[in-house]
Structure formats: C-alpha cells, structure tokens
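This briefing is meant to be read beside the sequence and the 3D view.

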Amino acid sequence: MFKGFPGIALPILALLALPAQASKSVDEILLEAERSPLLRAKFPAAEAQRRGLGSIPLDTGVRLNFAAYLNTTSLKASSRFQPLFRPEVATVHLQAPPTYSETVTQLADRVLVDRKLTLKLKPGACRQANLPAFVADQCFLPKRGQLSRETREALQSIRDRLRAPRRGEEIIEGLPARVAARAAAQLSDEELLDLILNYQEREIRLLSHLPTQLADPRQLGQRAQNWDQQDIQLSTALPAYTVSGRPGAASPSLVYAGPRPPAHAVAAAPGPAQTLAESRHFLTGFTLGREISDKYEYTFAKGNWWHDRYYLRLSYHVGAGIGLRAPFQVRVEAKEEPVVQPAQPAITPAKPTSIPAGLALANKPKPAAGPTQLSVATHRRVKVSVAPEDLTQAWQGVGLDKSRYFDGREFVLQFGAGCGLKASIPGPNVDLKCPTPQVNASQDIVPVIGTESTSLPFFTVVPGEVSRLGVSFGISNAWLDLGLASKLNNGRIKLRVSPFQGSQIQNLAGPDLLFDSRAPLSFILTPLSGGTQAGFTLDNPRYRMNAEFSPGVQGRVNLDLGIYEFNKTVGPFILDILSVEQELELGHHEDTVAQHRFQL
C-alpha cells in the first residue's frame, strides 16, 4: 500500500468515495470524435508539424507549443516505460520488443492525442526477486493478506469455465506457453491470479483532450463539476473566451500626482540647479484559463472466453487559472539646468519721413541705444529608470484591492479539478469519483529584466491527500497530485511619456521609453513660452517577457486483492505547455494605477 512521500508527513484525510457517473473508455471517446460534426482530421502525431500544428495560437500572443507537448508527454519518453525499449532490457524481461503509436484527432476547437503502448512480460517475470523498478511497475506483486469473498467467487467462476472448454479451447490462447484449460483450473488462487494478471499482453493508453482556445478562469470550478457529471463531450463547440479585446472601461485610469516640488521662476541670472527624485509603482498582469482532460487506461488482460477484460482507468479533468502579476518601480530624477541665451535687442520704430522711392530700406528701424541684454531660461534634464519588484512592496502604491492581493504572490495558480477511477479486476469492480475541490497553489516569482531569469522548478506538487483530489474505498484508492514548472527571462518594460501642455520633450526618438536593463534613459524637458506648467506623464505600462508555464499531474493508484496488490504511479505528465512569447505584452493590471504625473 502507498504510505506517502518518503520523509514527508502527510495528513490523512478521510474522504467520501462517491459513485461515479458512466465513465467513457478511450475507444468510446475516439469513436465519438470520428462521428462529431467538429471533426477535421486524424493523422499520426509525427505529421503534426507538417500539418501546421507545431505551434497552435490560443489567443493574442498565447500559443500552445504542440510539438514540445507531444515530445514531453510521449509514453515512450516516460522514465517508467523508456527503459523497456532498450534491447538488453526487452531480451531479459519481455516476450518481444514493445510497440508504440501516437495518433492525433483534430476537431474545430480542440485536439485529441491517443498514445498506445503494448508489451508482454516473460513467464514468471513478476515473481523474480530484485526486479528493476520499471519492470516491477508493470506487475501485480505478491503480498501477505487474504482474498476477499468476491475475489474467491470470481476465481471459482473462472475455474468453472476452464473445466468445460469448447472444442478448440482446450489450450489457452494468448499465453507465453502452452497451458491446458483443465490444468489451469487446478491452480491455486494465487497461481491462477498470477496467470491472469501477469502473463498476458498489456496495453497502456493515454488519451489527452486539449482545447485550442483559452477558458474563462471564473468558470473553472463549474466546468470541473460539469465534466464530473458528463465526461468529455465532443458533439458541440466549447464556450468561446478571449483575453484580448476586452473593453478598456473595465480598467479605470487612476491618476496619482505625488508630492509637488516648489515652483521655479525663470532666473534672472544663473543660480543653483534644482533637483527632483521620486519613485512610483506600476502593475501589469493577466490571467489565463486552460482546461485539459486525460484518460489513462492500463489493460492487464484482454477479455476472452474464460475471463473478462481486466483493466484500470484513471480519468481526470484539470482547469487551471494562471495569473502573472509583474510589478515594477519607476524612479525619476530631474535636474534643473540654466540655459543662457543672448536676448534679442529691443526694437524701436524710426520716425516717418518722406523719402524717394527705392530708398525705404535706408530708413529701417534702429536698435535702441544701450548695452545688449541676456535672457536666462531653464530646462530639466530627466532620467527615468525601472526595476522589477516584489508585489508585497508595490501593491499599496498601485492601488491593488486587498481581495486580489493573494498573499503578495506574483504567480497565481488555481485549479478546479475532478477525477474518477474505474477498475475491472477478479472480484469487486471499482467505479468511483473524487470530490471536485478548488486548489490554490500560487507562488512568489519576482519578474526579471534583460539578461536576468527566474524559474519555479518542476515539480511543485500539491499531493492529492492535501487537496482532497482522490478516492479511497475498500480495496482501492487513487490520488491525483497537481504541480507545475515555469521559467521567465528576457524581460523588457515599456512606458509612454507625454509632456504637459506647457512643455516639450527633446532627445527622444518617439513617445515610448523601452527598458531592457535597469540603466536609466534620459531626455530634456523644456517649458514653452507662456506655459503654465512644466512636467510630463508616464502611462500605458507594458511588460514583455519570454515565459513558459507547464501545469502537470501525477496519479497514484493502488489495487489490493488481499494476497496481491498493484501500485501504479501515473506520470508526472505535463498537461500543457503555454509559451507566452515575445509578442505578448502584459498590459496595465485592471483596477490599479494607470498613470503617474510629474510636475517639475
């Protein structure tokens, strides 16, 4: 039996195992897809790149890296199966090399990926001592205990069939050695279970259901409950949702003027320079919703004339709301510098006289007598720098509502999930579902700029026992662990700068300041003649980055038949790879400060 993670004390939660709704098999889902009006194509996964599905756009700037997803989730690449493909391993433990295939079914608003692995263990392989973990992982292993009454009755029913084979069934087909049906009927309970569960061809299927659009993160909990009752539905289109094009009215433009420095009159003569140094804050951010449903089927023995099909099916649905808040500080330093220019001499008009034609230029106005005057004006040399910061330092300065604070986490991760376990074994079958909890696994991840990078290591797991995402009932239990990996790099920050009505800006190529490091950018701010205010506004904050978020799941299943048990860890599997690429700019976070004014 699974006893928890080594070295980690987990609370044991008493969970109510609920009767499951009808759980569709992998083949039933694929048949429904082929009959769906949304069907577009069906092809080997190796053709995805050629068919233009290497990268699938989900929304503006958000893409599903489908090629990377296929490579990452391949059963053949899994550490639990990959060693079985090595010739030296197959020769010792398998009847023949395993076979593997991947098929993609493309619908109008989603894709299905069917992975199929087939293998056959050598006779007695599961009863050997010191088995490699990747072989033991495929076995029902002996243990001390007692058979349930239902299992003993199922074995007796199998013996009854074996004692009366029909013509041509005297020798059991599909076994690695010739076994007479009547001889098999004489085996002990332990030997007969071993023959059924460990000697026949195994088939492992992993079917993934991936929408090719985003989901509304506010509906993840309800969607998980709908899946729990209806399973995957392929006859109608998924609800449409987009993060781009939402009306700007939902994000009011708040103005924070900050403290004003004293007004500076135009100096009549050069004087000491005036300076200003202020720090303000902006918050950019977004929330993406994704839904993925997987079915993992492990067939121990295919059905035939003397016993039923024996298998387990772990189905799960995960709706993940992924939010990233990227706060940054803006520091402005302004220094007043005098600019001394020759004043234009005062002009006095000449007395009118009567002069001959053609000589008017001789009587042009003359400068007034007296020395030439100097005009002393000022301009401001402004330096602006930015620095990513922790949300705990910035949230009040940007006006973030406390209800959205989330303990100051920059990365917000919420799951709405459900799972179901169906198992057919000699004895009592299992058909259970787990509760549909809401899980908050948000993390601190400070944004970066330029060559800086930061990441959350994979696999940050929320155990099923803690999230209550699992079932435990009688002879079986199943837990679904949740986790993710992420990486951020190549951060860039952009701000729009606009002069006040009475000012002009010089030494800038355009209206935007683009920062790819913490080094300051500078410009000249000059008051216009007659202007009532000198200053500028910073607004339209944008944070650009390369980011990759990989939600994942890990399933753990235990089947206990008294004298045999089967422990299976499924995964961890990466559910999805969301590459938030360069074209995605995180805009101003709604309901926070959108503009800063600096009056100089």
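The notes below are grouped by topic.

The model is predicted. Within it there are six aromatic pairs, and a search of the whole structure finds one disulfide.

**Aromatic pairs**

- Phe140 and Phe300 form an edge-to-face pair, with the ring centres 4.8 Å apart and an angle of 80° between the planes.
- Because Phe140 belongs to the loop between α4 (133-136) and β7 (141-142) while Phe300 belongs to strand β10 (residues 275-301), this pair ties together parts that are 160 residues apart in sequence.
- Phe140 and Phe300 are both buried, and together with Tyr298 they make up one aromatic cluster.
- Phe523 and Phe536 also form an edge-to-face pair, for which the centre-to-centre distance is 5.4 Å and the angle between the planes is 85°.
- Here the pair ties together parts that are 13 residues apart in sequence, because Phe523 is in strand β23 (residues 521-527) and Phe536 in strand β24 (residues 535-560).
- Phe523 has a relative accessibility of 2% and therefore counts as buried, and Phe536, with a relative accessible area of 0%, is buried as well.

**Charges over rings**

- Arg280 is placed over the face of Phe598, at a distance of 4.0 Å from the ring centre.
- In the case of Arg309, the charged end sits over the ring of Tyr311, and the distance to the centre of that ring is 4.0 Å.

**The disulfide**

- A disulfide is a covalent bond between the sulfur atoms of two cysteines.
- In this model the two cysteines are Cys126 and Cys139, joined with a distance of 2.1 Å from S to S.
- The link of Cys126 and Cys139 is left-handed, with -75° about the S-S bond.
- Cys126 lies in the loop between β6 and α4 and Cys139 in the loop between α4 and β7, so that the pair, 13 residues apart, links distant parts of the chain.
- Cys126 and Cys139 are both buried.

**One side of helix α1**

- In helix α1, which covers residues 26-35, the buried residues include Val26, Ile29, Leu30 and Ala33.
- These residues are on the same side of α1, because they cover an arc of only 95° around the axis.

**Thr118 in strand β6**

- Thr118 is located in strand β6 (residues 110-119), and with a relative accessibility of 14% this residue counts as buried.
- When residues up to four places away in sequence are not counted, Thr118 touches Pro98 and Thr99 as well as Glu201, Arg202 and Glu203.

**Leu391 in helix α9**

- Leu391 is part of helix α9 (residues 391-394) and is buried, with a relative accessible area of 0%.
- With neighbours within four places in sequence left aside, Leu391 is in contact with Leu283, Arg325, Pro327, Leu400, Tyr405, Gly408, Arg409 and Glu410.
- Leu391 and Ile445 are 54 residues apart along the chain, and their C-alpha atoms are separated by 9.5 Å.

Key. Residues are numbered from 1 along each chain as its sequence is written. This is a predicted model: local features need pLDDT of at least 70, side-chain atom pairs count only at pLDDT 80 or more; totals for chains, interfaces and linings use all residues. Side-chain values use heavy atoms; hydrogens and water are left out. Rings of Phe, Tyr and Trp (its six-membered ring) pair if their centres lie within 6.5 Å; planes under 30 degrees apart count as stacked, over 60 as edge-to-face and the rest as tilted. Helices (H or I, at least four residues) and strands (E, at least two) are DSSP runs, numbered from the N terminus. Buried means under 20% relative accessible area, exposed over 50%, partly exposed in between (1.4 Å probe, protein chains only). A charge sits over a ring if NZ of Lys or CZ of Arg is within 6 Å of the ring centre and within 35 degrees of the ring normal. Contact means heavy atoms within 4.5 Å. A disulfide is a pair of cysteine sulfur atoms within 2.5 Å. The arc is that of the directions from the helix axis to the C-beta atoms.
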